[in-house]
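Open the model in your viewer and keep the selection panel at hand.

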6 protein chains.
Amino acid sequence: MFRHNRRLQFEAKPEKPDPVYARKLQELIGGAFGEMTVTMQYLFQGWNCRMPGKYKDLIMDIATEEIGHVEMLATMVARLLEGAPSTAVTKMATADPVVGAVLGGMDPQQAIVAGGGPLPADSNGYPWNGRYIVASGNLLADFHANVAAEAHGRLQTARLYHMTDDRGVKDMLKFNLARDTLHQNLWLKAIEELRTDGLEDVVVPDALFDEEHAEHAETIWDLSDGAEAQAGGWASGPQPDGRHQFAYLLNPEPLGDLAMAPPPDPKLYDTYD
Amino acid sequence: MFRHNRRLQFEAKPEKPDPVYARKLQELIGGAFGEMTVTMQYLFQGWNCRMPGKYKDLIMDIATEEIGHVEMLATMVARLLEGAPSTAVTKMATADPVVGAVLGGMDPQQAIVAGGGPLPADSNGYPWNGRYIVASGNLLADFHANVAAEAHGRLQTARLYHMTDDRGVKDMLKFNLARDTLHQNLWLKAIEELRTDGLEDVVVPDALFDEEHAEHAETIWDLSDGAEAQAGGWASGPQPDGRHQFAYLLNPEPLGDLAMAPPPDPKLYDTYD
Amino acid sequence: MFRHNRRLQFEAKPEKPDPVYARKLQELIGGAFGEMTVTMQYLFQGWNCRMPGKYKDLIMDIATEEIGHVEMLATMVARLLEGAPSTAVTKMATADPVVGAVLGGMDPQQAIVAGGGPLPADSNGYPWNGRYIVASGNLLADFHANVAAEAHGRLQTARLYHMTDDRGVKDMLKFNLARDTLHQNLWLKAIEELRTDGLEDVVVPDALFDEEHAEHAETIWDLSDGAEAQAGGWASGPQPDGRHQFAYLLNPEPLGDLAMAPPPDPKLYDTYD
Amino acid sequence: MFRHNRRLQFEAKPEKPDPVYARKLQELIGGAFGEMTVTMQYLFQGWNCRMPGKYKDLIMDIATEEIGHVEMLATMVARLLEGAPSTAVTKMATADPVVGAVLGGMDPQQAIVAGGGPLPADSNGYPWNGRYIVASGNLLADFHANVAAEAHGRLQTARLYHMTDDRGVKDMLKFNLARDTLHQNLWLKAIEELRTDGLEDVVVPDALFDEEHAEHAETIWDLSDGAEAQAGGWASGPQPDGRHQFAYLLNPEPLGDLAMAPPPDPKLYDTYD
Amino acid sequence: MFRHNRRLQFEAKPEKPDPVYARKLQELIGGAFGEMTVTMQYLFQGWNCRMPGKYKDLIMDIATEEIGHVEMLATMVARLLEGAPSTAVTKMATADPVVGAVLGGMDPQQAIVAGGGPLPADSNGYPWNGRYIVASGNLLADFHANVAAEAHGRLQTARLYHMTDDRGVKDMLKFNLARDTLHQNLWLKAIEELRTDGLEDVVVPDALFDEEHAEHAETIWDLSDGAEAQAGGWASGPQPDGRHQFAYLLNPEPLGDLAMAPPPDPKLYDTYD
Amino acid sequence: MFRHNRRLQFEAKPEKPDPVYARKLQELIGGAFGEMTVTMQYLFQGWNCRMPGKYKDLIMDIATEEIGHVEMLATMVARLLEGAPSTAVTKMATADPVVGAVLGGMDPQQAIVAGGGPLPADSNGYPWNGRYIVASGNLLADFHANVAAEAHGRLQTARLYHMTDDRGVKDMLKFNLARDTLHQNLWLKAIEELRTDGLEDVVVPDALFDEEHAEHAETIWDLSDGAEAQAGGWASGPQPDGRHQFAYLLNPEPLGDLAMAPPPDPKLYDTYD
Ligand SMILES: [Ca+2]
Ligand SMILES: [Ca+2]
Ligand SMILES: [Ca+2]
Ligand SMILES: [Ca+2]
Ligand SMILES: [Ca+2]
Ligand SMILES: [Ca+2]
């Protein structure tokens, strides 16, 4: 069960409205790596976690924080849209280059649909959806997805940090950048700890090593011409899992037979003779 | 530019048809972590890579391999559907429990739309889409996404490995498992190498550390009741980036003011008094 | 079966082209509350209606009208795009602020895909889809959805009314506003009539009142801090259905046990110890 | 900012697993009228509310409760999947009618993707998305959408109530039914109160009545043959808004001119002579 | 403007219910090549047609017919679901192989969401969407898309024809098959007529032949190994447009330079040295 | 299995950056008729082709070429974005009309998500998805879809050709136009050849002519008022398939009975009396 405090986790007050930036910020709300993603990803991971204790509590701590991040961003977007020329007619936009530049860069749905507020969508107006998240029950696989989400989240925040000179917006982004730094470190640490605790190892899942075709777990196939990749640390030596060696296979040849679909059921009317 | 060899990278021949399993295998073709995802993710990352040399070549080597994995899976699905009771009428399904069990588990579009072949969709019939992939230009962020993709890919393959007892299918999956092992190790190694080469460090992006609010990069807020998370290695001590310490903040209080949207533009007819 | 008259239900002739506005109008064609939604929602409700008579006829009357509204909007969009600088090169846009403002606000697909015509999409270019509509077979539930659709439709139309000063466009919108007024009243009246006719009551569905946990049908849980909501008419007194009383529960505590997922199937490789 | 309590708002413990039902319950998690919808719809409405006080607090109270409903359903789904024949091979399904019936009715992604857990998707495996919700800033329009959401939510819950005979599942659904009863009454009451408070009236938005074409706000056009609709209370008499009369227009004729798109820009290569 | 006749264009009465088949028929309602697609594709093409006269009238004749086809299919689906074991509990499904087979093959949303009626979705429950259709303003391009739509429509209908032995269903499908035959012929004839009328030629659009690189309009590149394609009529001789010759290019080499993305903007934090 | 050559099939070098055009070009990468579509459509058709020989080889030759077209477009987009004012703040955009025009026309995700690179999406930022393609196993149906795809592809390319005056971009588009000319001719020729080879005839599928209701395969119903369509070659005379005659049916009347859904299952709570 959840409870809500009317105060924001951190302040979200721009110096002045900026409806062009309000569109860009949508990426951090409803983009593939926005706050709705980390909220829902961590909530479902927490609910799907099979062990009580430190991992489950950690996931739920962070998940609960992220709901509050959607709230901060949503509030910021509404404030950036205050007094925006949302209802300006085209004639005004073409008569005044400033209005023209602003209208060109706005998200029309923030006005028409949300009445000057945020949308559960990204900076191109595409709605957030449930296929953005994963909660597999395997914590190592999920924590890797979490590192990736926080890494792209901080990367996009850093890019957006340079697209404004509003001190209020930058102040909030400085908080977000810091949290994304922490969360990247956190999931990396948790990955280490899963190994220390003997719950998972390096490769996901920690199983089926005797069944898989071991000889194919070692060779990088040189399928794009040029062998510069051979200069990398991955071309020879031990693999991170400590079980395998790396090798670089030049001039690889297919191991299978011809790719061929079987004769069809005549009632399906596939072309066949 | 690409070229195609009519032989499969590895054999994909089931002992016998199994249309129920053909539906499940769709997850590895068109699911969020299926072969279409790694194909397109690596292709766009390779094309978006800003440096010639070992990283770009490595990405394109693996990307090109993955197109061939879609081909293997697509061929396997068509073969698993051979002679399937796709055109059976309901009366047959209800008269014969075997036919009933098979029809209940099939993907109807594999018959109606694809004529007994594979679809660019997942095991629930949802189409693959471009929001599944990321190619940000930042190799560290992208390689973390690649580790996550290979980890979930191998996890799903391992789960599917137990859902069949067909030796031909299992033989192909043993190859896939091995490649996913290699690719996980590979992207982990490449993450190390970006650091060794001085291109990236631990946190993505390697920038804005002086700007971000440093005091908020250290504390995990205990927002889900119970403090079991305090028992983790992330509750104190140095963070993986070597720059920060971890701390666990009990009884956290909001730092911001009331969440409040501003007065609306009257022409938008928001409720206001 | 349907028939078509080549004349529009109401005139849709702008004084002059306005490609920026043509993009915004897409919201009324293919948005979640646009004309495609009411068309398809009412058609499916009519086809799914189980009783011949006044309700079914009413739904089909309005449904059939709405197809003509898509036609009016589609015609208006094509006319607003006449002679638009769709094929202007960027150099022209950057040399001339008027062209720049227009190009910035246009939907590129109206030119590239539709050749200067309307799209089955909203003002952010997102396609209309079937999950926007509902036809449940329960007329009370559906009529509430219809009131909501007409309310948001008129609200968006009112917002768009202020974003143009073209007398031709405004003339058409005045018709649309009037129809949306009527249709809101109509579905509200039909909700009353379902009750008068003894077909449905206040709550959907009119069933299972003896089975549901009656004690939990009365209390609003104060889960967001601050008890201002207690000042509302919903904090005490009879509920609209005449069966229940309202109450406001301060300091609510969870009634369930710990949220915990069960031990996993080992073949699924969930993390577990 | 939000906080989380590890206990469920209400108990969610099935007597025994039922993986077929676990698929159906997905509708209440990630369907168009599921708990993710009411959670996100109310959160965005609360954040977009322009007035402090009873309405905003009410919305946030209910929004916060709904997050906990997603949690209850997610926990229930994981428990219904315990020990499910997720990893059964097809041969078992075809050999044993019970296993066949179960496998045919399962959601394969609950096993392959979520490791025996819930998905942010509906009962057909389609992901929840942000276009399901609306937060327009106009409380009357939004509360109508809320009534519709709760009405369809309770309707679907009632249908699902009959699809199980598990006393644990039914016990939770009895709680959900009761909350949906309350919430329908609540939003209906809030609609009344907006009027009492003079904030909104009957029609959304409460504006532009002098501008709209009044003569078209009264007549239902008989566009579907048969005039049974004339027997309804909507065919004459005052409309619910008290401003208009109803009328039923037999043999309606179009008021506009021919529907015709204008001559095209030659560089767009539309067919034209 | 449209009008509606309460009678179906053709009868849609099954001999008996068949809920498994009701799911499959969804493909013809809301699939990529279902009746919603041809309805909306032809409507938008008609509205986007720039010339009054025979083409526009033809398109609108067929478009208007197709709305009635959605109606026929929707009615058929509701009738196939009559008395379906929609509300059966899992225990019944596992106790009775007939019920098990039926439940496994049903679409759960037809019961839970539509109350035993049709959905605007395909046979995998994926909603119809506006990206399925095209109305480009170029009639030749659009008529080719129409031929493709009718071809796949008749193909899917033919496949579905074999999946039932219900004489009522088959009777309706015999009508649909005939209309799809006619419509394929019709669009093929209209393609001829565009050429006869001098409006379009063979290639779309009939323009830019002097600008395009003519030498690359003739050679098929042998990029998939094996030169069997050289045995086709397309390997030499005149092309259908009468302007070009066919040639088959063995051992093709790339004409461009290295694929390389440019140096990045440092503020975007792409990896670069 | 596939191999990759680092050189582009054809050069893709703009004279200078143009971020506004970079957004428009996305249509040719990830639009419904963009290069991702033809790549995936032809690959799945090739894999789903049931006959070794000239058709399968042809399909795979073209499919493999198309992957290289995505590569060309992706490279071009990255180059058009070089040095773009992606990170400009709004103040700069409103101060300088040139920057304003550019920012208004840009795709924000090309900067925020892709770091100045291409996206797997169209010019409105909507992601490519698998429902855009078809591979039915019936080559005639599929080749018609291929003609349509190449026709719309060349049409969109021709439109885009006029939206730039950059000689480098135009040079690449001249290559694309030529390939689209060839590919249209190619699939048209292949359609002829299927008939010559006796594999398919005119109508898809070449079956069920004796079963379908022949009398309904001849008449165009005049359902849109005005009989101009009667002036077309399709109103009388032989149909392209040589089996049927065309006729134009004036004043058509419905052949079916009333459209009516059956009585509902009471447990579904449809409204019924
Ligand atoms: Ca290489
Ligand atoms: Ca905690
Ligand atoms: Ca409160
Ligand atoms: Ca009527
Ligand atoms: Ca070849
Ligand atoms: Ca006509």
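## Stop 1: chains D and C

Select chains D and C. Together they bury about 9,800 Å², 61% of it on carbon and sulfur atoms. Buried area here is the accessible area (1.4 Å probe) that two parts lose on being put together, summed over both. In chain D, the residues that lose the most area to chain C are D:Arg131, D:His213 and D:Trp234, together 7% of what that side buries.

Before going on, note that this is a predicted model: local features need pLDDT of at least 70, side-chain atom pairs count only at pLDDT 80 or more, and totals for chains, interfaces and linings use all residues. Residues are numbered from 1 along each chain as its sequence is written, chains are lettered from A and ligands numbered from 1 in the order in which they are written, and side-chain values use heavy atoms, with hydrogens and water left out.

Now show contacts (heavy atoms within 4.5 Å). On chain D, 119 residues touch 119 residues of chain C. Next, polar contacts: 63 residue pairs link the two chains this way, both residues at pLDDT 80 or more. A polar contact is a pair of N or O atoms within 3.5 Å; within protein, one must be able to donate a hydrogen and the other to accept it, and residues adjacent in sequence count only if both atoms are side-chain atoms.

Which elements give two or more residues to the chain D side? They are α3 (54-80), α7 (139-161), α8 (167-196), β2 (219-221) and β4 (245-249) of chain D. Helices (H or I, at least four residues) and strands (E, at least two) are DSSP runs, numbered from the N terminus. Colour α8(D): it gives the most, with 16 residues.

Salt bridges come next (a side-chain nitrogen of Lys or Arg within 4 Å of a carboxyl oxygen of Asp or Glu). Chains D and C share 6. Zoom in on D:Glu212 and C:Arg154, whose closest N and O atoms are 2.5 Å apart.

## Stop 2

Buried means under 20% relative accessible area, exposed over 50%, partly exposed in between (1.4 Å probe, protein chains only).

## Stop 3: charged pairs elsewhere

Over all chains, the structure holds 108 salt bridges. Start with A:Arg159 and E:Asp270, at 2.9 Å, N to O. A:Arg159 sits in helix α7 of chain A, and E:Asp270 in the segment after β4 of chain E. Buried or exposed? Both are buried.

Move to A:Asp165 and F:Lys91, 3.1 Å apart at their closest N and O atoms. This pair runs from the loop between α7 and α8 of chain A to helix α4 (residues 90-95) of chain F. A:Asp165 is partly exposed at 32% relative accessibility, whereas F:Lys91 is exposed at 53%.

Finish with the salt-bridge network of A:Arg6, C:Asp225 and C:Glu228.
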